[in-house]
Amino acid sequence: MTLKDDPTPAIDNSGDVITPVSGQGGGLADIELIREEVTSRDGGGRNISRGKLVLRRLLRKKLAMFGLFMLVVEILLAFLGPLFSKWGVTSIDFNNLGGSPPGGSHFWGTDRNGHDVFVQTMSGAQKSLFVGLIAAVLSTFIAAVVGSAAGYFGKAVDNALMWFVNMMMIVPAFLILAIISPRLKDNSFLIFTILLAAFQWMLTARVVRGLTYSLREREFVSAAKFMGVPAWRIITRHILPNMASLLIVDVTVNVSATILAETGLSYFGFGVQPPNVSLGTLIGEATSSAAPTYQSWQWLYPGLMLIALVLAVNFVGDGLRDAVDATSTSDGD
Amino acid sequence: MLRFVARRLVNYIILVFVATSLVYMLASATLDPLSYYLHGQKQVNLRAIHASLRSYNIDPDTSLWSRYWHWITRIVLHGDFGRSFPGGDTVTSEMGRRIGVSLRLLLVGSVLSVIIGVLTGVYSALHQYKPSDHIISVVSFVLLSTPVFLLATFAKAGAISLRQDAGVSWLPTANECPSTGACSLIDRSQHLILPTVVLVFGAAGAAFFTRYQRSAMLDVLGSDFLRTAQAKGLSRRKAFYKHGLRTALIPMATFFAFQFGTLLVGAVFTETIFNWNGMGAWVITTINSADINGIAAITAFAAVMILISGVLSDIFYAILDPRVRMS
């Protein structure tokens with residue numbers, strides 16, 4: 001990206017040579033290390049772009065690839081699996097009321113109301129995936145907006161925003177979500193997702209703020225500033241692309257954190273509300289009124305699905321973090 | 001220096017005040033203590049109910065602002081957080097009791113977590129890319145991906161089947177003491193086993209410390225000062241323990257301080273599933289019974305704990321890291 005496509009008249013006040021960092025290549029941001037060169041040499045001595053380098057490093061991580069494979073299988077299972085079952089999410093099998101062990105037409109047994117555990121688990125996994133992805137992206141988005149605004153404008157804006165961040169951090173998120181979400185009526189599902197994101201962005205916002213602080217002093221930002229580029233444009237074009245990798249890793253980490261938060265609240269009935277089911281509500285309902293040894297398949301299968309889901313995301317996230325690590329010298333070969 | 005501390009203190013007090021007030025308002029606006037009495041009853045004496053709710057200062061017929069004013073002035077003037085609904089005990093005495101219970105659980109749990117976590121992390125880093133490192137990594141990944149309520153359920157199911165099938169009687173799965181008779185030290189420690197195991201192997205426990213210790217250790221092992229220490233004649237072992245381990249432990253101390261502060265009301269799942277009457281279980285109880293005074297008090301306590309642990313981790317840092325000592 002060059003500054004030419006900027007609608008504002010380009011007046012070179014600085015007198016310095018302007019060297020904007022490529023937006024597409026995504027410079028890498030670490031607290032101390034912000035690299036301007038976006039290329040690296042591969043084994044053959046050719047220059048490769050940073051994006052390709054990260055991808056190549058990621059492909060070499062066995063655990064991350066295994067995680068990705070797990071995730072794809074789980075997504076396919078969650079969305080396509082129920083199609084192969086003769087039972088629906090709400091259908092009740094009157095021959096198997098009160099809970100039947102796995103077998104027959106019920107692959108993973110039935111729960112106490114005669115629902116098919118497999119179909120319910122997959123429906124819950126769909127919800128968890130949906131909530132996790134949406135809330136993760138949203139949370140990173142809020143963090144990027146708040147953090148970069150605080151870091152770029154500094155002074156009063158910074159003070160006000162950081163005070164707000166501190167306050168959000170000491171307010172007990174679990175308690176507030178638990179109070180609000182059971183009282184949400186229609187469309188509660190989406191609002192619940194937004195609420196989850198609203199309590200997750202604070203730490204990342206602080207990191208983004210710190211990085212913006214140091215980027216603000218760089219030549220290419222001053223150059224843009226002197227040419228009259230508006231602040232929001234500097235932030236979206238010059239500052240945030242420079243921490244793209246941090247933000248991507250953050251989204252991944254947020255996915256598993258959100259899934260854990262959502263299922264935890266749902267476990268107590270404070271999260272996803274009926275008629276929707278979540279992996280958390282399934283486990284909660286199966287264990288709240290009876291000892292966990294009684295009809296254990298009702299919580300065991302949703303539980304294993306939940307672990308598999310979070311584990312897959314964590315594997316990918318860890319591999320991604322390593323792959324974008326600025327201090328790493330591995331060229332991906 | 002004194003001015004710095006004073007300013008920070010004032011800022012903290014304002015933060016706690018705003019956070020607690022917000023949650024008080026939110027809880028008052030959304031929770032409905034009236035339904036506790038009306039639930040499933042046909043004939044009710046509404047006047048008596050409102051009188052009772054008024055005595056708790058949670059009557060919805062009184063305006064929110066006057067309730068809030070009454071509540072906040074009682075706190076500021078008398079340090080009185082009101083009474084817990086519907087039990088009737090004062091919030092402060094209930095809280096004192098529950099903090100004691102939670103502390104018993106957390107002291108052992110968090111100390112064990114950090115010891116096990118640091119040891120496995122160091123071991124893992126020293127044996128990087130060997131089979132033992134891979135095993136430790138995968139196990140800690142699985143533990144980090146297991147929700148605490150699920151781990152607790154697994155532990156409880158395991159203990160119950162042990163009791164039923166193998167006759168193991170020393171692994172109680174509920175409460176912090178036997179329901180009948182005296183509570184000896186042995187009883188107490190037996191009841192402590194399962195919740196502690198869940199805390200230590202839960203997502204916020206040893207596995208968390210293992211991951212961080214491993215990467216901190218790897219950073220240190222590749223650093224120049226460790227090579228210098230060996231170059232000036234220290235044995236690898238001595239250089240490692242004298243310079244390496246100490247440096248790698250600094251971030252752990254701060255994590256530990258933070259973890260402990262948040263866990264004091266954060267053991268919600270463990271305490272609820274094993275029927276411990278601590279602070280964590282109280283979170284669920286107060287929400288279910290619309291105990292607004294209790295909820296506000298928990299918020300204040302949690303906020304203060306987070307701020308204290310933040311200060312504690314700063315102090316730990318200053319003690320352990322000579323680079324950040326007061327200049």
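Among contacts in chain A between residues at least 6 apart in sequence, what percentage join residues at least 24 apart?

1. The figure for chain A is 72%, where a contact means heavy atoms within 4.5 Å. This is a predicted model, in which local features need pLDDT of at least 70, side-chain atom pairs count only at pLDDT 80 or more, and totals for chains, interfaces and linings use all residues. Residues are numbered from 1 along each chain as its sequence is written, chains are lettered from A and ligands numbered from 1 in the order in which they are written, and side-chain values use heavy atoms, with hydrogens and water left out.

2. Chain A has twelve helices and four strands; these are DSSP runs numbered from the N terminus (helices H or I, at least four residues; strands E, at least two). Of its 333 residues, 53% are buried, meaning under 20% relative accessible area, while exposed means over 50% and partly exposed lies in between (1.4 Å probe, protein chains only).

3. Thr281(A) sits in helix H11 (residues 279-288) of chain A. Thr281(A) counts as buried because its relative accessibility is 8%. Leaving aside residues up to four places away in sequence, Thr281(A) touches Ser266(A), Tyr267(A) and Val272(A).

4. Trp170(B) belongs to the loop between helix H7 (148-166) and H8 of chain B. Its relative accessible area is 46%, so Trp170(B) is partly exposed.
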